[in-house]
Amino acid sequence: MSCVQLIRPRRHGDTRGWFTETYNVEAFAKLGITCTFVQDNHSLSVPAFTLRGLHFQTPPRGQDKLVRCIRGRIFDVAVDIRKGSPTYGQWVGAELSAENGHQLFIPIGFAHGFVTLEPDCEVTYKCSDTYAPDADGGIRWDDPAIGIDWPIQAGTVPELSAKDQVQPLLADFDSPFPYDGRPLGPLV
């Protein structure tokens, strides 16, 4: 099992443009990412500052995710929600964009969310389990106990789904995710 990782696929470019390999089972295994992806998702967020999250699926339907932005720019976040983790409630985040090609791997036991930094952002992500409505869960995006430093200008209200407007606080969440011995570290 792996912790949250920022993946920087290499781009091979010439006058025509570039080529990149976004997923390779052997290369990812060398990074400690050995899950099997079984579902790909693709979202379009039209307004800038659309915020999706913080989401997860509970066991036994937990999902590892490999997230990338294929149009526009997003700020992508993972929050440690593993019971007993010394980094419980802590978060990491990174800008993912079509330009930089970076990806964020988010393992089971972390809540995931992102905010779009410009209009018309498209995000794709791989999941290690299919969507299971009965296992769907979330935490408030603006929980002060977590303190995510979202890159949203003061006075700007993000676009939220009805579901994300009423997610519980971390303090009201009884985590079913066990700690695996790997604390959340900085993205390198």
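Is Lys 83 buried, partly exposed or exposed? Lys 83 is partly exposed, with a relative accessible area of 45%, where buried means under 20% relative accessible area, exposed over 50%, and partly exposed in between (1.4 Å probe, protein chains only).

## Basis of the model

This is a predicted model, in which local features need pLDDT of at least 70 and side-chain atom pairs count only at pLDDT 80 or more, while totals for chains, interfaces and linings use all residues. Residues are numbered from 1 along each chain as its sequence is written, and side-chain values use heavy atoms, with hydrogens and water left out.

## Salt bridges

Side chains of opposite charge can pair when their charged atoms come close. The search of the whole structure finds 11 salt bridges, a salt bridge being a side-chain nitrogen of Lys or Arg within 4 Å of a carboxyl oxygen of Asp or Glu.

One of them joins Lys 83 to Asp 174, with the closest N and O atoms 2.9 Å apart. This pair links distant parts of the chain: Lys 83 lies in the loop between β7 (73–80) and β8 (91–97), and Asp 174 in the segment after α2 (162–165), 91 residues apart. Here helices (H or I, at least four residues) and strands (E, at least two) are DSSP runs, numbered from the N terminus. Asp 174 is exposed, at a relative accessible area of 61%.

## Further charged pairs

Lys 163 and Asp 136 also meet through their side chains in a salt bridge (2.9 Å, N to O). The two residues are 27 residues apart and connect distant parts of the chain, Lys 163 being in helix α2 and Asp 136 in strand β12 (residues 136–138). Lys 163 is partly exposed at 38% relative accessibility, and Asp 136 is partly exposed at 28%.

Asp 14 forms a salt bridge with Arg 16, in which the closest N and O atoms are 2.6 Å apart. Asp 14 is partly exposed, with a relative accessible area of 40%, whereas Arg 16 is exposed at 75% relative accessibility.

## The five-stranded sheet

An open sheet contains five strands in the order β1-β9-β6-β11-β4, with antiparallel pairing; two strands pair if DSSP finds at least two bridges between them. Its edge strands, β1 (5–7) and β4 (39–45), each pair on one side only.

Within the sheet, β6 (residues 65–71) and β11 (residues 121–127) run antiparallel and are joined by six bridges. Cys 69 stands opposite Val 123 in β11.
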